[in-house]
Amino acid sequence: MDQHDVIILGAGAAGLFCAGQAGQRGLKVALLEKGEAPGKKILISGGGRCNFTNLGAGPANYLSANPHFAKSALARYTPADFIALVERYGIAWHEKTLGQLFCDGSARQIVDMLLEECPPERVTLTCGVDIASVARSAEGQFTVAAADGRSWQAPALVIATGGPSIPKMGASDFAYGLARQFGLKVVEPRPALVPLTLGGEDVLFRELSGVAAPVLARAGADKRKAEFAEAALFTHKGLSGPAILQVSSYWRHGEPIGITFLPEAASDWLLEAKRDRPRTHLRSLLRERLPDRLADALADRLAIERELGNCSDKDLRAAQAKLADWRFSPNGTEGYAKAEVTAGGIATAELSSRTMEAAKVPGLYAIGEAVDVTGWLGGYNFQWAWASGYAAAEAVAESLHA
């Protein structure tokens with residue numbers, strides 16, 4: 001049996017980073033990965049260029065049953081810290097909209113950097129590990145046994161196996177079963193950053209598949225309310241695009257979502273158009289501001305065919321109000337197969353926000369997507385992976401060196 005200081009389960013973003021940080025602190029690390037190679041989700045992220053952080057990442061950009069949980073870790077390992085690491089390796093990067101940072105080249109550079117950060121004399125990465133059991137002795141030693149008979153032992157165990165989003169990449173709910181085995185509660189997981197599907201009367205909008213437009217999208221109720229000004233995309237199943245992926249994390253079954261189709265328009269823009277261009281039709285005005293197919297679909301549903309000068313102010317105000325808050329009633333999502341991340345997970349109430357250690361089980365830690373902390377689209381989930389991995393590595397080192 002291999003004896004280590006810490007066993008880290010999962011060589012994704014959080015696990016790789018945590019392993020490097022632990023190894024650099026002098027710990028002997030066993031990094032175990034189920035897949036045949038590390039960092040598979042990193043490689044496909046950001047269209048293959050890895051949106052590795054966001055300049056504005058802060059607690060307000062995350063969903064959790066405890067909105068304060070992420071504060072400590074995010075404050076101690078910031079986007080600036082990860083940018084400094086990326087630059088130390090000479091990896092060129094650029095900023096897209098809304099503070100999103102991407103590699104100029106390939107996401108492979110980030111994976112290679114994370115592997116390089118793992119001191120080879122300290123960190124042993126083993127891929128293709130099919131875990132058969134995890135146990136903790138009365139003395140506090142964790143033993144991980146593989147189906148092929150190999151086993152590893154350490155006084156600290158870090159769960160970094162993520163959630164079930166994108167199962168074709170090997171994702172699973174392993175983390176939740178392991179957490180429950182040790183008596184930790186799990187917040188009901190669900191697909192997040194995921195396209196929404198439409199049915200009923202809304203199914204007619206599927207005919208717009210491939211059409212995109214800038215919108216303001218809203219979802220959620222009470223404290224869960226959120227809105228995002230980005231693009232929405234109509235698909236053959238329903239709605240997608242950045243604005244929809246963002247609000248999907250806040251949406252619950254049975255709730256509507258609201259779309260403002262002309263977010264830059266003045267509040268009385270149709271009445272102004274009636275005054276300035278009375279011979280114009282609503283359809284023509286919409287075509288000036290939106291893709292033709294979308295403009296026609298909205299005009300058909302608003303059913304105002306007369307010249308604006310012949311329309312009552314009441315009808316035009318009603319059309320303005322509808323366009324400013326068009327309600328869709330999604331009948332579901334495209335599920336974990338298309339979800340970029342998983343919301344929910346190991347309950348933050350079970351963990352220390354400073355160390356990521358389970359209060360009930362000394363030596364057991366959980367980081368990254370396995371935890372009930374879910375970031376917005378745009379590099380926020382990677383920043384949580386780095387920050388939570390850093391916090392856990394620091395805490396493990398402190399406890400073993402104490």
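A salt bridge is defined here as a side-chain nitrogen of Lys or Arg within 4 Å of a carboxyl oxygen of Asp or Glu. The structure is a predicted model, in which local features need pLDDT of at least 70 and side-chain atom pairs count only at pLDDT 80 or more, while totals for chains, interfaces and linings use all residues. Residues are numbered from 1 along each chain as its sequence is written, and side-chain values use heavy atoms, with hydrogens and water left out.

Across the whole structure, 22 salt bridges were found. In one of them, the side chains of R218 and D325 meet at 2.8 Å, N to O. Because R218 belongs to strand β15 (residues 212–219) and D325 to the loop between α11 (313–324) and β19 (326–328), this pair ties together parts that are 107 residues apart in sequence. Helices (H or I, at least four residues) and strands (E, at least two) are DSSP runs, numbered from the N terminus. D325 is partly exposed, its relative accessible area being 28%; in this scheme buried means under 20% relative accessible area, exposed over 50%, and partly exposed in between (1.4 Å probe, protein chains only).

A salt bridge also joins the side chains of E307 and R279, at 3.2 Å, N to O. Distant parts of the chain are linked by this pair, with E307 in the loop between α10 (292–302) and α11, and R279, 28 residues apart from it, in the loop between α8 (269–276) and α9 (282–289). E307 is partly exposed at 21% relative accessibility, whereas R279 is exposed at 64%. D315 and R306 form a further salt bridge at 3.8 Å, N to O; D315 is partly exposed at 35%, and R306 is partly exposed at 45%.

Strand β15, which carries R218, is part of an open sheet of seven strands, ordered β19-β18-β15-β16-β17-β14-β20 with antiparallel pairing. Two strands are taken to pair if DSSP finds at least two bridges between them. At the edges lie β19 and β20 (330–333), each pairing on one side only. Between β15 and strand β16 (residues 226–234), the antiparallel pairing extends over eight bridges, and V215 has E230 in β16 as its bridge partner.
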